[in-house]
Amino acid sequence: MTHFNQSLVTSLLVLSLSFTSAEHKVMFSEGYSVNERPPTEDGKPLLIKSSINLRNILDVAEKEQIISLETTLRLYWKDERIHPNKKFLDSEDSIGPYLTLNPSRAEKFWMPDVFIDQAKALRTPTYYTKPASLRVYNDSTIRYSSRINYDVACSMDFHRFPVDEQYCEVKFESFGFTNKQVQLKWMDQSHSNVNANISLAQFSFTVLLMDSYSTDYYDVAYPGIIMKLHLTRQIGYHIV
């Protein structure tokens with residue numbers, strides 16, 4: 001065997017071992033399917049906990065009645081069919097020890113079908129790698145986090161202009177799972193945060209994470225959660 005062939009075989013062997021190690025970071029139970037919702041005790045709805053980071057309010061387009069936001073939404077749920085290899089648990093937070101996988105591996109996992117209701121456009125601020133992360137915790141909790149920016153409709157009332165206040169509700173909702181199958185709920189407020197450097201020329205604002213809700217405009221009810229923005233116009237902006 002030539003030196004070149006020996007080097008090639010060695011390289012392929014190292015590559016193979018790397019892939020094998022990566023595959024064994026997480027163990028899936030026999031018969032696991034990404035198309036099947038994780039089982040729950042007594043058939044109760046699967047609880048999906050959520051937290052959010054409001055990164056920026058990019059624009060308030062009053063004429064179009066649209067606001068543009070950048071957020072990182074984090075979803076947590078338990079899937080007892082998945083277990084991390086404990087020797088790869090190299091990080092820890094308030095929930096417990098976890099390992100981090102490349103977000104491309106998310107296609108191997110069951111994922112919640114959450115969408116943003118009344119979104120007009122969505123953009124992913126990607127350079128090369130998608131700004132997302134996938135964690136598997138020691139207790140089989142899965143966390144998927146993704147950053148996007150988007151335009152969402154906001155019904156506005158200008159009768160009290162220039163001392164008006166606007167309320168914009170951003171709804172994160174399950175598309176296909178009913179409230180008998182899935183429950184969406186905000187985590188404690190301490191798990192969510194708002195960028196303190198957000199500045200709007202015409203408005204001050206506050207953010208409220210509202211209780212989970214179920215839709216009432218379909219034949220069946222779908223679960224969701226709401227981030228409510230309260231915009232208060234700064235009258236000083238209009239005084240010369």
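Aspartate 42 is exposed, with a relative accessible area of 68% (exposed means over 50%, buried under 20% and partly exposed in between, using a 1.4 Å probe and protein chains only). Its place is in the loop between β1 (26-28) and β2, where strands (E, at least two residues) and helices (H or I, at least four) are DSSP runs numbered from the N terminus. The phi angle of aspartate 42 is near 60°, a positive value in a residue other than glycine. Glutamine 118 also has a positive phi, near 65°, and sits in the loop between β7 and β8 (119-123).

A word on the model: it is predicted, with local features needing pLDDT of at least 70 and side-chain atom pairs counting only at pLDDT 80 or more, while totals for chains, interfaces and linings use all residues. Residues are numbered from 1 along each chain as its sequence is written, and side-chain values use heavy atoms, with hydrogens and water left out.

## The chain as a whole

The protein chain has 1 helix and 15 strands. Of its 240 residues, 40% are buried. The accessible surface comes to about 14,200 Å², and carbon and sulfur atoms hold 52% of that; such areas come from the Shrake-Rupley method with a 1.4 Å probe, and for residues only the protein chains shown count as cover. Among contacts (heavy atoms within 4.5 Å) between residues at least 6 apart in sequence, 75% join residues at least 24 apart.

Tryptophan 110 lies in the loop between β6 (97-101) and β7 and counts as buried at 3% relative accessibility. Its C-alpha atom is separated by 4.2 Å from that of valine 34, 76 residues away along the chain. Not counting residues up to four places away in sequence, tryptophan 110 touches a list of residues that includes Tyr32, Val34, Leu46, Ile48, Trp77 and Phe177.

Threonine 72 is found in strand β3 and is buried, at 9% relative accessibility. Leaving aside neighbours within four places in sequence, its contacts are Ser51, Ile52, Asn53, Arg55, Ser145, Ser146 and Arg147. Proline 131, 59 residues away in sequence, has its C-alpha atom 9.1 Å from that of threonine 72.

## The disulfide and a cis peptide bond

The structure holds 1 disulfide, a term for a pair of cysteine sulfur atoms within 2.5 Å. The partners are cysteine 154 and cysteine 168, with sulfur atoms 2.0 Å apart. The torsion about their S-S bond is about -80°, so the disulfide is left-handed. Because cysteine 154 lies in the loop between β10 and β11 (165-174) and cysteine 168 in strand β11, the pair ties together parts that are 14 residues apart in sequence. Both ends are buried: cysteine 154 has 3% relative accessibility, and cysteine 168 has a relative accessible area of 1%.

The loop between β10 and β11 also contains proline 162. The peptide bond from phenylalanine 161 to proline 162 is cis, with omega near 10°.

## Pockets

Rolling a probe the size of a water molecule over the atoms shows where empty space is left. Here a pocket is an open set of points on a 1 Å grid over the protein atoms alone, where a 1.4 Å probe fits, with protein on both sides within 12 Å along at least five of seven lines; lining residues have an atom within 4 Å of a point. Points are joined across faces, edges and corners, and a volume is the space filled by probe spheres set on the points.

| Pocket | Volume | Lining residues by class |
|---|---|---|
| Largest | about 360 Å³ | 13 nonpolar, 3 polar, 2 charged |

The largest pocket has a volume of about 360 Å³. Its lining has 18 residues, and Leu73, Val114, Tyr144, Ser146 and Ile148 are the closest to its centre. The elements giving two or more residues to this lining are β3 (66-78), β7 (114-116) and β10 (141-153).

The second largest pocket is lined by 15 residues, with Leu47, Lys49, Trp77, Lys78 and Thr141 nearest its centre. Here the elements that give two or more residues are β2 (46-61) and β3.

Terms used. Nonpolar A, V, L, I, M, F, W, Y, C, P; charged D, E, K, R; others polar.
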